[in-house]
Amino acid sequence: MNKTLAEMQRKEFVYECASRALAASFSNPAAKPSIASMVRDADKLWEELQEWESLRQESQL
């Protein structure tokens, strides 16, 4: 990822994370994760990171 999280849009972040997960899955074909689960996990990670960032900013006030 060349952009920071703050610079990325949700779709960019999800695409980047899911594509990296897909690439990593080729090294362990026995795991057989679905692309849909990779996208869901990346989307959930985006939400969690946004929540964490909000809490961090609130604590700095």
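**Entry 1: helix H1.** I looked up the buried residues of H1 and found Phe 13, Val 14, Cys 17, Ala 18 and Ser 25. Looking down the axis of H1, I see that these buried residues fall within an arc of 115°, so they line one face of the helix. I keep in mind that the model is a predicted one. On the face of H1 turned away from its buried side I noted the exposed residues Lys 11 and Tyr 15. As to what covers the buried residues of H1, the cover includes helix H2, residues 35-59. I also checked the length of H1, which runs over residues 10-25: at 1.5 Å a residue its 16 residues should span 22 Å, and the end C-alpha atoms are 22 Å apart, which agrees.

Entry 2: Since Phe 13 lies in helix H1 and Trp 46 in helix H2, the pair ties together parts that are 33 residues apart in sequence. I checked the exposure of the two partners as well, and both Phe 13 and Trp 46 are buried.

**Entry 3: Ser 25.** I returned to Ser 25, which has its place in helix H1. With a relative accessible area of 15%, Ser 25 is buried, because the cut-off for that word is under 20%. Which residues is Ser 25 in contact with, leaving aside its neighbours within four places in sequence? I find Pro 33 and Met 38.

**Entry 4: the chain as a whole.** Last, I stepped back to the protein chain, whose secondary structure comes to two helices and zero strands. Its radius of gyration is 14 Å, well over the 10 Å that the globule rule gives for 61 residues, so I describe the chain as more spread out than a compact globule. Taken along the principal axes, the C-alpha atoms fill a box of roughly 45 × 20 × 15 Å. Buried residues make up 16% of the 61 residues in the chain, and the accessible surface comes to about 5,000 Å², of which 57% belongs to carbon and sulfur atoms. For contacts between residues at least 6 apart in sequence, I noted that 55% join residues at least 24 apart.

Notes:
Residues are numbered from 1 along each chain as its sequence is written. This is a predicted model: local features need pLDDT of at least 70, side-chain atom pairs count only at pLDDT 80 or more; totals for chains, interfaces and linings use all residues. Side-chain values use heavy atoms; hydrogens and water are left out. Helices (H or I, at least four residues) and strands (E, at least two) are DSSP runs, numbered from the N terminus. The expected span of a helix is 1.5 Å times one less than its number of residues. Buried means under 20% relative accessible area, exposed over 50%, partly exposed in between (1.4 Å probe, protein chains only). The arc is that of the directions from the helix axis to the C-beta atoms. Contact means heavy atoms within 4.5 Å. The radius of gyration is taken over C-alpha atoms; the globule rule is 2.2 Å times the number of residues to the power 0.38. Accessible areas come from the Shrake-Rupley method with a 1.4 Å probe; for residues, only the protein chains shown count as cover.
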